[in-house]
Structures are given as C-alpha cells and as structure tokens.
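The following exercises are to be worked with the sequence and the structure in view. Each task is followed by a solution in steps.

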Amino acid sequence: MRKQDLSPVEKRRYEKHIMIPEIGEQGQLRLLSARVLVVGAGGLGCPVLQYLCAAGVGTIGIVEYDKVSDSNLHRQILYGTGDIGKLKSIITRQRLNHQNDDVKIDVFNISLEESNARSIFRDYDLVIDATDNYKTRYLINDVCVEQKKPMVHGAIYKFEGQVSVFNFKGGPDYRLYNPEKDIQKNNPLPSESGLLGVLPGITGTYMANETIKIITGIGTVLSGKILIFNILNNSSYFVNIPGSNSNKQ
C-alpha cells in the first residue's frame, strides 16, 4: 500500500530531498512506498544499499549468501575486520537498520537460482544487478523480462565502470547488449583482473541514482545506452545498444 502522507519525522529527515522541486513530498512518498531488490552485497551492492536506505526506499531486499573475507575489505565498505567469516546478508541488515531503522530489510541468504528467482522477484518493483558473474546476470535479466521489471545494471573492470538500465518501459534487455557469445569480449570479470577500490563505490552510486530516478519519475533514465567511465583519466562516454531507440550522444 502506498504511503499517503509524510510524518513530521520524515519531513525533517528527508528535508533536502523535499526541497528539490523535481522530488518534493510526492517523490519522497514514492521512495517510501517503493520495493527494491538488490542481488549482491559486495563492492557494487554496498554503496547501492547504503544510498537507497539513506534515501528512504521503503523496502529493500538483499540476495546474498557469501561470507566476508579479508580480500573484500578494500572495496566492500559495509564490512570491517571484525566481520570476517560472518554472513554478508546479516551484517548488511544490521548496518542498514542502524543507518535508517524505518526501512524494511528483507534478507535472502541463498544463491539466486532458476528455482527461486521468480518467487523472490515477484514482490519487488525493480531489481538491481550488483553481481559479478554472467550466469546470475542473465538469470536476473530473464526473470525481469518475464515479470516486466526494470533491471539496473552495473559492472566494473580495473579503472572502468559501466551503468545501464534494462527492460525499462519496453527498452532493450541485457541479452541484446551482451549476447552470451560475446561475454569475454564485453565484460572481463574483476576477479580475473583486479580493480581500484573506489571504483565500485562510484559505480554503485550511479546505480542508486538511476534507481531513485526510476522510482520518482525524474530525469533521463539510462535505458538503451551504456554509460562507461574511466576514473584513471576522467573520461566518459555513451554506447548505444544496437536495436534500441536511443539517440546518439
């Protein structure tokens, strides 16, 4: 059920959002009523989750079954040394509850699979792909297409990040952009090449921004194109997805 009015506490907490004409009270109410699923609570998922929680997204689901390791800590900013060996999903819920205890946090401490994805996705408005493997990305895409849900996508490689939104209002899906036969050509995995620790933070913040734009209905959503940026030389450009209706930029 969509929330009808902001409480005095909510008006104070989200004052800076409400002051922006493009957001206002109605935009904040949309955020408070939204249900967002984040698949992955690693380098990309951590900043996405923190900013969506801070923004007041009413219900956030987290699909994550991994445990914290010391190799995560240079980029996965929800975790610390004392969390090594603990479940990321449980630690993440604790951190987010501390950040904003009005946000409902759903935890799915399981691997996303063909057998469970449809039932998990069903209760959410949109899904965020914060994963690092192709099998899961294709599964997220396929279920989002089937259930007509937007998919906010991010990927990282060394110094380069990319962000897009798939399945948005009839826009192209992930498979159109990245067919399985072109996997290695388009998206080398960071586990095979490394990455600068701040890169997922920057990329994840872009992903959170696209999510907020979709929920509130403001701005131009990154549908039909990929934003690619390089933090080593501060360059950025757009790549149009073949077959989409996006204008070249």
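**Exercise 1: The largest pocket**

The model is predicted. Two elements, α7 (134-147) and β5 (151-157), each supply at least two residues of the lining of the largest pocket.

Task. Determine which element gives the most to the lining of the largest pocket, and describe the lining by class.

Solution. 
1. The element that gives the most to the lining is α7, with three residues.
2. In total, 31 residues line the largest pocket. Those that lie nearest its centre are Glu64, Ala130, Thr131, Asp132 and Asn133.
3. Divided by class, the lining has 12 nonpolar, 11 polar and eight charged residues.
4. The volume of this pocket is about 630 Å³.

**Exercise 2: The setting of helix α4**

Solution. 
1. The criterion for a buried residue is a relative accessible area under 20%.
2. Just after α4 comes Gly56, which takes a positive phi of about 90°.

**Exercise 3: The packing of α3 and α10**

Task. Describe how helix α3 (residues 24-33) and helix α10 (residues 199-216) pack.

Solution. 
1. Two packed helices are described by the angle between their axes and the distance between the axes.
2. For α3 and α10 the angle is about 110°, and the axes are 9 Å apart.
3. Angles of 65 to 115 degrees count as roughly perpendicular; α3 and α10 are therefore roughly perpendicular to each other.
4. In the contact, Gly27, Arg30 and Leu31 of α3 meet Ile212, Ile215 and Thr216 of α10. By class, the residues of this contact are three nonpolar, two polar and one charged.

**Exercise 4: The place of Asn72**

Task. Locate Asn72 and decide whether Asn72 is buried or exposed.

Solution. 
1. Asn72 lies in the loop between β2 (59-63) and α5 (88-99).
2. The relative accessible area of Asn72 is 6%. Since buried means under 20%, Asn72 is buried.
3. Leaving aside residues up to four places away in sequence, Asn72 touches Lys67 and Lys88.
4. Val163 is 91 residues from Asn72 in sequence, and their C-alpha atoms are 22 Å apart in space.

Notes
Residues numbered from 1 in each chain as written. Predicted model: local features only at pLDDT ≥ 70, side-chain atom pairs only at ≥ 80, totals over all residues. Heavy atoms only, no water. Helix = DSSP H or I, 4+ residues; strand = E, 2+ residues; numbered from the N terminus. Buried < 20%, exposed > 50% of the residue type's maximum accessible area, 1.4 Å probe, protein only. Contact = heavy atoms within 4.5 Å. 1 Å grid on protein atoms, 1.4 Å probe; cavity = no way out; pocket = protein on both sides within 12 Å on 5 of 7 lines; lining within 4 Å. Points joined across faces, edges and corners; volume = space filled by probe spheres on them. Nonpolar A, V, L, I, M, F, W, Y, C, P; charged D, E, K, R; others polar. Axes fitted to C-alpha atoms, helices over the stretch in contact; angles between N-to-C directions. Parallel < 35°, antiparallel > 145°, perpendicular 65-115°, else oblique.
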